[in-house]
Amino acid sequence: VLKGRRKNETGKCKMAIKGETREIKGANYTVQQFAARRGLALKTKLIKLIAPSAFALIGGAKAQGGNLIDADIGADVLSKSIKTMLDNLGDSADVERLVFEILSNTRRNNAQIDGLLFDDVYAGNYGELFKAVFFVIEVNYGSFFRDMGIGNLQLPGSQDSKKISQGKKPN
């Protein structure tokens, strides 16, 4: 028995970590949420990467009714925002490590995404890769965006993907 974990009425450890499965481009993706400490550490990395470019967008937006989605964002602001994010990415090894860290609790068609599967599946298929990454972010940090009043997290992976199931930690 794990020390410090709460037990349910049967004496088994309770787990709040949930998993979701979604079909993306014909493949079934299962994402298990990160444990809280690991998720917090990764969220910090993502915020450091994304926040400066997001603030550039927000600062340059002429919001219509306060909705950033409907904001009139000029090409100059958008290009500055993208440049800021690219500057924060670092070298290609940093990007690769970050993507693998994001996908570390993810399975594609019941196979853990490792280096070989990654190279085979995503060669020339970067659209599916980024939809999978956005799905992981949605599963792990969607409530953060909702709770902060940013609204529902509508990521590119959400638009044409079909949610299959949501529940407790997958077997």
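**View 1. Buried residues of helix 4.** L117, F118, V121 and Y122 are the buried residues of helix 4, which spans residues 115–122. Their directions from the helix axis fall within an arc of 100°, so these buried residues line one face of helix 4. An α-helix has 3.6 residues a turn, so residues three or four places apart point the same way. The structure shown here and in the views below is a predicted model.

**View 2. Exposed face and ends of helix 4.** On the face turned away from the buried side, helix 4 carries the exposed residues L116, D119 and D120. At the start of helix 4, the backbone nitrogen of L116 has a side-chain oxygen of D114 within 3.3 Å. Just after helix 4, G124 adopts a positive phi of about 70°.

**View 3. Surroundings of M85.** M85 belongs to helix 2, residues 75–89. Its relative accessibility is 32%, and M85 therefore counts as partly exposed. Apart from neighbours within four places in sequence, the residues in contact with M85 are L49, I50 and S53.

**View 4. The chain as a whole.** The chain contains six helices and seven strands, arranged from the N terminus as β-β-α-β-β-α-α-β-β-α-α-α-β. Buried residues make up 30% of its 171 residues. Of the contacts between residues at least 6 apart in sequence, 60% join residues at least 24 apart.

Terms used:
Residues are numbered from 1 along each chain as its sequence is written. This is a predicted model: local features need pLDDT of at least 70, side-chain atom pairs count only at pLDDT 80 or more; totals for chains, interfaces and linings use all residues. Side-chain values use heavy atoms; hydrogens and water are left out. Helices (H or I, at least four residues) and strands (E, at least two) are DSSP runs, numbered from the N terminus. Buried means under 20% relative accessible area, exposed over 50%, partly exposed in between (1.4 Å probe, protein chains only). Contact means heavy atoms within 4.5 Å. The arc is that of the directions from the helix axis to the C-beta atoms. A polar contact is a pair of N or O atoms within 3.5 Å; within protein, one must be able to donate a hydrogen and the other to accept it, and residues adjacent in sequence count only if both atoms are side-chain atoms.
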